[in-house]
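Visitor: I would like to learn how to read the packing of a model like this one. Could you take me through it feature by feature?

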Amino acid sequence: SVKAVTMGAKVQWEFGDGQTGDQLNPTHVYLHPGQFSVKMSVHRGAKPLEVISRVQVRRPLQPDDGKRKPDQLADYLPLLANYDPRTLGGPGLLQLVRAFDQADKTSDAVRAGRVAFQSDAASYDDSVLHDLARLVGPMIRDRQDNPTGALELWQAAAGLLRRDAWKGECAIEAADIC
């Protein structure tokens, strides 16, 4: 963005993955590879100026020259902590939960992962729901020592999944807790 265009204006970003921002020069982390449409809106006067660009995100490359250290997950946690898990698609939500889990942020991982099993949540495909249940269910039961919360999650998963084998697996986990 050019300072002359944005001076005194309100800037709004839509990053194409459900996340937004209002900083002039934001930093954003994409949680999975793909093509994303990024929109910047500059509100100055009656009609906003909008610029849309496509961004191709690939798997991160590990530096092999020995001069630069690889990115560390801890460097990005402050950004990820502000993400709204309700607006992420399935792959993004799963990666957010995995990132929090890897960083030993169990309560953040559980908070994000539960979104997929709430009645007002957008529908996710079976493989994402199954992976989230298998990841978040044990966190709630074992790390948070909350069998009631884990039971609720497994029951919700069993009710949402369409594949019989996965539905049965979640029902067995719920029965085990009972």
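**Packing, helix by helix**

Guide: Leaving out residues up to four places away in sequence, Leu132 touches Leu93, Leu94, Val97, Gly113, Ala116, Phe117 and Gly137, where contact means heavy atoms within 4.5 Å. This is a predicted model, in which local features need pLDDT of at least 70 and side-chain atom pairs count only at pLDDT 80 or more, while totals for chains, interfaces and linings use all residues. Residues are numbered from 1 along each chain as its sequence is written, and side-chain values use heavy atoms, with hydrogens and water left out.

Visitor: Which residues have the most contacts inside the largest nonpolar core?

Guide: In soluble globular proteins, nonpolar side chains tend to be buried together. A nonpolar core is a set of buried Ala, Val, Leu, Ile, Met, Phe, Trp, Tyr and Cys residues joined through side-chain atoms within 4.5 Å; buried means under 20% relative accessible area, exposed over 50%, and partly exposed in between, with a 1.4 Å probe and protein chains only. Here the largest such core has 37 residues, and those with the most contacts inside it are Leu80, Leu96, Phe117 and Leu132. Helix 5 gives the most to this core, with 7 residues. A second, separate core of 10 residues includes Val11, Phe36, Met40 and Val42.

Visitor: Which residues of helix 4 are buried?

Guide: Helices are DSSP runs (H or I, at least four residues), numbered from the N terminus. In helix 4, residues 106–114, the buried ones are Thr106, Ala109, Val110, Ala112 and Gly113. They lie on the same side of helix 4, because they cover an arc of only 165 degrees around the axis, the arc being that of the directions from the helix axis to the C-beta atoms. Helix 3 and helix 5 (126–143) are among what covers them.

Visitor: Where is Thr87 found, and what does its side chain reach?

Guide: Thr87 is in the loop between helix 2 (73–80) and helix 3 (90–102), and is partly exposed at 36% relative accessible area. Its side chain reaches the backbone oxygen of Gly18 at 2.8 Å, and a polar atom of that side chain lies 3.0 Å from the backbone oxygen of Asp84.

Visitor: How many disulfides does the structure hold?

Guide: A disulfide is a pair of cysteine sulfur atoms within 2.5 Å, and the structure holds 0. The sulfur of Cys178 is 14 Å from the closest cysteine sulfur, in Cys170, and therefore too far for a bond. Cys170 is buried, with a relative accessible area of 0%, whereas Cys178 is exposed at 73%.

Notes:
Helix = DSSP H or I, 4+ residues; strand = E, 2+ residues; numbered from the N terminus. Polar contact = N/O pair within 3.5 Å; in protein donor to acceptor, adjacent residues only side chain to side chain.
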